[in-house]
Amino acid sequence: GQYVRGQWPEKVADDAALRRAVLAPVASPAPAGLDAYGGILAVAFDAGGWFRVARRNGRWWLVTPDGHGFFSLGVNAVTATGGRSYVAGRETMFRDLPPASAAWAAFRGTGDDRRGEQGAGRGRRFAHGTWFDFGAANLTRVDGADWLACWRTRTLARLAGWGFNTLGAWSDPALGAAHRLAFTRSLEIRGGFGNVATGHDWWGRMPDPFDPRFAAAAERAAIEATRGVRDDPWLLGYFVDNELPWAAPGPDGRWALARGTLHGEARSAAKQAFIAELKRRYATPERLAEAWGMPITDWSALEAVNFPAPAPQAAHPAIAADYSAWLTRYAEVYFATVATALRRHDPHHLLLGGRFAATTPEVITAAAAHADVLSFNVYADLPGHGLDLTLLRRLDRPLLVSEFHFGSDDRGPFGKGLVSVWTEAGRGPAYARYVAAAADEPQLVGAHWFQYADQPVTGRLLDGENAHIGLVAITDVPFAGFTRAVQAANAQVRASLG
């Protein structure tokens, strides 16, 4: 799974070198001054038995079940299955690709990631057929038949040694069950409910929370997410969905969901709800036509597919006002439905928000009324450069950076990630600056790195991403300079907060 035509310090040449590099001990004395969950003993609250949030002296905290302040330093996608990449149709690209024999059968599979409604990976040529799991194959070369258990033990020890205290989204559930680090779960709401196209549907279209089938899907998602963990004190909380298209890029991106709702078909539950709102507000189509500056002589005009919903303009301020009200209601119904379903099945743990990427003030404000923590995937040099801190400070809710990273292109994979530095040597200082700034912001209660291991050189299954953004390589070899810097930065965060 390594790039053939490059050389770098962590690259391995044979199985013996692989075993030496992977099994090298991590020098990591246990951090002092922490409770069993990683909470800071010097920051004491009442013990409540579950993770919760609390505000003290102008600062928000996560609080451990034992009653100590907890700043969540997490890692996403801590899993042994991230090294899968499609090989069908491009076998000649690989040198020494293991044959399709019984010895390697466990690391081969088939899939299809040609997803019509997703912008991510659209137009990929190699998105289906046979894949090979290079990462797991490397682990079996190191540990033999018991590779998965060995990987789990080693990975938990590494993460704790590097100063992390949380398993972020999409991590192996068995790691959380080991009760070494706090862990998270995700409500992934899937089903046959309606949706709304915004024009920026990177991971798919926006769920339609006005469709009664959405509430049923949220109920099923809550049942699944809470199964087996409802009474687990090590569970930090639940995320819901990921990077939904609440908005789109560009100057008018704030209004993409509102305009997309009106562009939809007449049978759309969201569209019918929006039309009903406009009828209540304006009473007659002529009054709406005057407010929006466009010819509307009958309410049935709004029923048309691809109705030309106007862009907001200074001459007609009612357009922006109506869209803003609609975004508020849309988000209110979505988050109220999710929160009700989750709390019906787990009243103990935190709702950690929607992992926002693109969002609007209306959506954030509505989410703040239902989520215990607002989570944002903030790909920027510093967290404050990717957050609307003016709005968020006014709302005064705890915030979590649910994804960030820094990549480079000098360790094999061609991709540099969403935020890059020139070389591997720059990743450690960039990480340290980011988490220090996060700890300095009184509303931020944590930051989660994306992701544990590098993505395959030939692209991950989901969308072909192939970035060097890991703490470890696809060989499970740690990037020693980076992880030393991470360990030091995490220790400094704890010291600054305690």
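Q451 lies in the loop between β17 (444–449) and α13 (480–497). Helices (H or I, at least four residues) and strands (E, at least two) are DSSP runs, numbered from the N terminus. The peptide bond from F450 to Q451 is cis, with omega near 20°. The model is predicted, so local features need pLDDT of at least 70 and side-chain atom pairs count only at pLDDT 80 or more, while totals for chains, interfaces and linings use all residues. Residues are numbered from 1 along each chain as its sequence is written, and side-chain values use heavy atoms, with hydrogens and water left out.

Two residues other than glycine have positive phi: A77, near 55°, and N306, near 60°. A77 sits in the loop between β5 (72–75) and β6 (84–86). N306 belongs to the loop between α8 (285–292) and α9 (317–345). N306 is exposed (over 50%), with a relative accessibility of 56%.

Overall, the protein contains 13 helices and 17 strands. Its radius of gyration, taken over C-alpha atoms, is 24 Å. The C-alpha atoms fill a box of roughly 80 × 60 × 40 Å along the principal axes. Of the 498 residues, 55% count as buried. Contacts require heavy atoms within 4.5 Å. Among those between residues at least 6 apart in sequence, 70% join residues at least 24 apart.

Key: The radius of gyration is taken over C-alpha atoms; the globule rule is 2.2 Å times the number of residues to the power 0.38. Buried means under 20% relative accessible area, exposed over 50%, partly exposed in between (1.4 Å probe, protein chains only).
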